[in-house]
Amino acid sequence: MAKSAQKLAFRPPCAGLWDTPMVQVNGDVTTCCLDEHLENKVGNVNQNPLAEIWKSKTMDDWRTAQVAGRFEDSGPYCTRCNWRSAGTLSPERVAAWQSSRGMGR
Ligand code: SF4
């Protein structure tokens with residue numbers, strides 16, 4: 001595969017799962033502003049604090065899947081979104097996150 005094609009085919013982990021919780025007016029929480037139909041809904045701030053929702057096992061599982069390149073195991077919308085418009089989690093942040101969980105690269 002040509003280098004430019006490889007670059008286009010490569011999909012990095014999305015920083016949205018770390019950085020951009022979105023809270024709707026009714027309190028529903030999703031992963032990012034791209035998920036306007038709440039396919040990635042992970043909770044509601046009227047029932048649980050945002051920090052608790054954002055640190056939930058579901059979010060952790062989705063982050064783990066993205067770092068492993070298993071995007072189909074991330075949020076339901078993550079497989080179909082326009083991920084190139086979202087931010088990328090840098091290799092340094094991936095390493096730091098893995099290290100914080102005792103995971104090697
Ligand atoms: S991969 Fe897409 S849907 Fe998932 S958090 Fe990132 S921008 Fe949002």
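The structure is a predicted model, in which local features need pLDDT of at least 70, side-chain atom pairs count only at pLDDT 80 or more, and totals for chains, interfaces and linings use all residues. Residues are numbered from 1 along each chain as its sequence is written.

## Overall fold

The protein chain holds 5 helices and 3 strands. Helices (H or I, at least four residues) and strands (E, at least two) are DSSP runs, numbered from the N terminus. Read from the N terminus, the order of elements is α-α-β-β-β-α-α-α. The chain has 105 residues, of which 23% count as buried. A residue is buried if 20 or more other C-beta atoms lie within 10 Å of its own, exposed if 12 or fewer, and partly exposed in between, with C-beta atoms placed from the backbone. Among contacts with a separation of 6 or more, 48% are between residues 24 or more positions apart. Two residues are in contact if their C-beta atoms, placed from the backbone, lie within 7 Å.

## The sheet

The 3 strands make an open, antiparallel sheet in the order S1-S2-S3. Strand S1 (22–23) and strand S3 (43–44) are at the edges with a single partner strand each, so one side of each has no neighbour in the sheet. Strand S2 (residues 28–30) runs antiparallel to S3 and is joined to it by 2 bridges. Two strands pair if DSSP finds at least two bridges between them. Aspartate 28 has asparagine 44 in S3 as its bridge partner.

## Core and ligand shell

The largest nonpolar core has 11 residues: Cys14, Leu17, Cys32, Leu34, Met59, Trp62, Cys78, Cys81, Trp83, Ala86 and Leu89. Such a core is a set of buried Ala, Val, Leu, Ile, Met, Phe, Trp, Tyr and Cys residues joined through C-beta atoms within 7 Å. In soluble globular proteins, nonpolar side chains tend to be buried together.

The ligand is surrounded by 14 residues, and the closest are Cys14, Gly16, Cys32, Cys78 and Cys81. A residue is near a molecule if its C-beta atom, placed from the backbone, lies within 6 Å of it. The shell divides into 9 nonpolar, 4 polar and 1 charged residues. Ala, Val, Leu, Ile, Met, Phe, Trp, Tyr, Cys and Pro count as nonpolar, Asp, Glu, Lys and Arg as charged, and the others, Gly among them, as polar.

Helix H4 (residues 57–67) has Met59, Trp62, Arg63, Gln66 and Val67 as its buried residues. Seen down the axis of H4, these residues fall within an arc of 135°, so they line one face of the helix. The arc is that of the directions from the helix axis to the C-beta atoms. The buried residues of H4 pack against helix H2 (16–19), helix H3 (50–54) and helix H5 (91–100). Methionine 59 is in contact with Leu17, Val42 and Trp54, leaving aside its neighbours within four places in sequence.

H5 has 10 residues, and the number buried is 0, so this helix lies largely in the open. Glycine 69 follows H4 and has a positive phi, near 80°. After H5 comes glycine 102, with a positive phi near 70°.

## Selected loop residues

Leucine 34 is in the loop between S2 and S3. Leucine 34 is buried, because 21 other C-beta atoms lie within 10 Å. Aspartate 35 has its place in the loop between S2 and S3, and with 19 C-beta neighbours inside 10 Å this aspartate is partly exposed. Alanine 15 sits in the loop between helix H1 (3–9) and H2. With 16 other C-beta atoms within 10 Å, alanine 15 is partly exposed.

The table gives pairs of residues with their separations.

| Residue pair | Apart in sequence | C-alpha to C-alpha |
|---|---|---|
| Leucine 34 and tyrosine 77 | 43 residues | 8.9 Å |
| Aspartate 35 and methionine 22 | 13 residues | 8.8 Å |
| Alanine 15 and glutamine 66 | 51 residues | 9.7 Å |

Not counting residues up to four places away in sequence, leucine 34 touches Cys81, Asn82 and Ala86.

Most residues other than glycine have a negative phi.
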